Amino acid sequence: MVRRPVAWIVAVVLFAEALGVAALNWFLGVVVDRQDMSLAGLDPDMMSVSSKTGGIVFGLYFALCGLVALLVALRDRAPAGLGRVLLISAAVVHGLLGAFTWGLVGWPAFLFMMVVLGLIVLLLMTYDAQAEPADAAPEGGKGDDGSPVTPPPAPTTP
């Protein structure tokens, strides 16, 4: 089965990405603080604090998504509720970041974002429940109320 290894890989990648995003934004905040220059009249201290705060918030978001993937790997169950929503939002974020990085950073960053997007989608899809055919009769041939279940009539051909 590929479900658990994919969940482990997604968890490790999201934790590493959380650390990387937080560190990068913190570094950019320090650079802005040391430059002490204004950008279109904005306060340099405010830009520095905003960059650091954004890095921490975004890093915590990715760490929370990594925690959901880690719980999926440990429990070997599909993410449900808020965890599923977090992983879907992380997939959307990686799709958008991939689109932006293509033009701003280059194709290697785009490729990384698409690989992470693919891993998250694979994690979500491999844990989807197998759909039972609609015409399959329950065990024992009895319905929920105890009455016998009759199969649907076969289609007629002219």
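**Helix packing and a single salt bridge**

The structure holds 1 salt bridge, defined as a side-chain nitrogen of Lys or Arg within 4 Å of a carboxyl oxygen of Asp or Glu. It joins the side chains of Arg-3 and Asp-76, with an N to O distance of 3.7 Å. The pair links distant parts of the chain, 73 residues apart. Arg-3 belongs to helix H1 (residues 3-35), whereas Asp-76 sits in the loop between helix H2 (44-75) and helix H3 (82-104). Helices are DSSP runs (H or I, at least four residues), numbered from the N terminus. Arg-3 is partly exposed, at 25% relative accessible area. Asp-76 is also partly exposed, at 27%. Here buried means under 20% relative accessible area, exposed over 50%, and partly exposed in between (1.4 Å probe, protein chains only).

The model is predicted: local features need pLDDT of at least 70, side-chain atom pairs count only at pLDDT 80 or more, and totals for chains, interfaces and linings use all residues. Residues are numbered from 1 along each chain as its sequence is written, and side-chain values use heavy atoms, with hydrogens and water left out.

H1 has 33 residues. Its first and last C-alpha atoms are 47 Å apart, close to the 48 Å expected at 1.5 Å a residue; the expected span is 1.5 Å times one less than the number of residues. Buried positions in H1 include Val-6, Val-10, Leu-14, Glu-17 and Gly-29. The buried residues of H1 pack against H2, H3 and H4. Just after H1, Asp-36 takes a positive phi of about 55°.

The largest nonpolar core has 25 residues. Such a core is a set of buried Ala, Val, Leu, Ile, Met, Phe, Trp, Tyr and Cys residues joined through side-chain atoms within 4.5 Å. Val-10, Leu-14, Tyr-61, Phe-62, Leu-87, Ile-120 and Leu-123 have the most contacts inside it. H1, H2, H3 and helix H4 (107-126) each supply at least two residues of this core. Leaving aside neighbours within four places in sequence, Tyr-61 is in contact (heavy atoms within 4.5 Å) with Leu-86, Ser-89, Ala-90 and Val-93.

Ala-22 is found in H1 and is partly exposed, at 23% relative accessibility. Beyond its neighbours within four places in sequence, Ala-22 is in contact with Gly-55 and Gly-59. The C-alpha atoms of Ala-22 and Ser-51 are separated by 9.4 Å. Ser-48 lies in H2 and is buried, with a relative accessible area of 3%.
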